[in-house]
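Walk me through this structure, one part at a time.

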Amino acid sequence: MFQREWLRLYFIFGEAYIEEASLPIIEAALKSGVTMFQLREKGPFALKGTALIEYGYKVKALCRQYRVPFVVNDDLELAMALGADGVHLGQDDVSIEQARAVLPKEMFIGISATNLEEAIIAKKRGADYIGVGPIYPTLTKADAKIPIGFSRLKAIKDHVGDTPIVAIGGLRARDMPRLKKYHIDGAAVISEIGYQQDVSASVISFLSSYN
Ligand code: TZP
Ligand code: MG
């Protein structure tokens, strides 16, 4: 069963984000306390085929070692092949109904929403959580929509009520108090964890700022 506490600090990463090896970064983040991990492998340098599956197994093993739920972005087949805990789908990916039809019952589904309408539909279709953003401008998603800011994030939260929500896009540790204040379950983060010199310090700073 999906637990909303897993959204507190949701680290998203992959091999294609960085020239150096990504596994030590992922391990440092897991060890320091990120509460969920998403494998998101995109762009011109993305691993593919068996290389992606082999990499995915290594990431999943790390997540298991640190008892952190493991989510795969976009790719249902990869999620099933790896035995992921959940899958994350964007607005352009397969629908939640299609995903539920093929995924094992215990696998949870997260949906991205950029606006209120998408969030309401995701809730109605039974998303286990909704990823809302981008909150701020981000350099990490090439096709990111216009940032929505905190006021629209709050409006979405007011409409979807109890459905677990994680904010995404340009978030830093200093944003955590406002997420808490608005009853947003947490932050999904790429660069402010994955691109930091001191990954562990960044994770600790995020976690200790949600207060
Ligand atoms: N979806 C909306 S913004 C974004 C994604 C995947 C990128 C978030 O990355 P960062 O570096 O935390 O802004
Ligand atoms: Mg997607």
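The buried residues of helix 1 (residues 23-32) pack against strand 1, strand 2 (36-39), helix 2 (49-65), helix 8 (191-194) and helix 9 (199-209). Helices (H or I, at least four residues) and strands (E, at least two) are DSSP runs, numbered from the N terminus. The buried residues in question are Ile26, Ala29, Leu30 and Ser32. A residue is buried if 20 or more other C-beta atoms lie within 10 Å of its own, exposed if 12 or fewer, and partly exposed in between, with C-beta atoms placed from the backbone. An α-helix has 3.6 residues a turn, so residues three or four places apart point the same way. Gly33 follows helix 1, and its phi is positive, near 120°.

This is a predicted model: local features need pLDDT of at least 70, side-chain atom pairs count only at pLDDT 80 or more, and totals for chains, interfaces and linings use all residues. Residues are numbered from 1 along each chain as its sequence is written, while chains are lettered from A and ligands numbered from 1 in the order in which they are written.

The largest nonpolar core has 59 residues. Such a core is a set of buried Ala, Val, Leu, Ile, Met, Phe, Trp, Tyr and Cys residues joined through C-beta atoms within 7 Å. Phe11, Phe37, Ile130, Ala167, Ala187 and Val189 have the most contacts inside it. Strand 1 (residues 9-13) gives the largest share of this core, 5 residues. In soluble globular proteins, nonpolar side chains tend to be buried together. Ala167 touches Val132, Gly133, Ile135, Leu153, Leu179, Ile184, Ala187 and Ala188, leaving aside residues up to four places away in sequence. Contact here requires C-beta atoms, placed from the backbone, within 7 Å.

Next, the strands. Strand 2 and strand 3 pair in the parallel sense over 3 bridges. Pairing takes at least two bridges found by DSSP. Leu39 has Val72, in strand 3, as its bridge partner. Strand 3 (residues 70-73) is covered on both faces. Phe70 and Val72 are buried on one side, Val71 and Asn73 on the other. In a regular strand the side chains alternate between the two faces of the sheet.

Asp74 sits in the loop between strand 3 and helix 3 (76-82). Asp74 has a positive phi of about 70°, although it is not a glycine. Asp93 is in the loop between strand 4 (86-89) and helix 4 (96-102). An unreviewed UniProt entry gives the annotation "binding site" to Asp74 and Asp93. They span 20 residues in sequence, yet no two of their C-alpha atoms are more than 6.3 Å apart, so they gather at one spot. Asp74 is partly exposed, with 18 other C-beta atoms within 10 Å. Asp93 is also partly exposed, with 17.

Two further loops have backbone features. The peptide bond from Gly133 to Pro134 is cis, with omega near 5°. Pro134 lies in the loop between strand 6 (129-132) and helix 6 (149-160). His183 has a positive phi of about 65° although it is not a glycine. His183 is in the loop between helix 7 (176-181) and strand 8 (186-189).

Last comes the ligand. Ligand 1 is surrounded by 14 residues, the closest being Thr138, Thr140, Gly169, Ile190 and Ser191. A residue counts as near if its C-beta atom, placed from the backbone, lies within 6 Å.

Key: Contact = placed C-beta atoms within 7 Å. UniProt positions renumbered as here; feature names shortened; annotations may be inferred.
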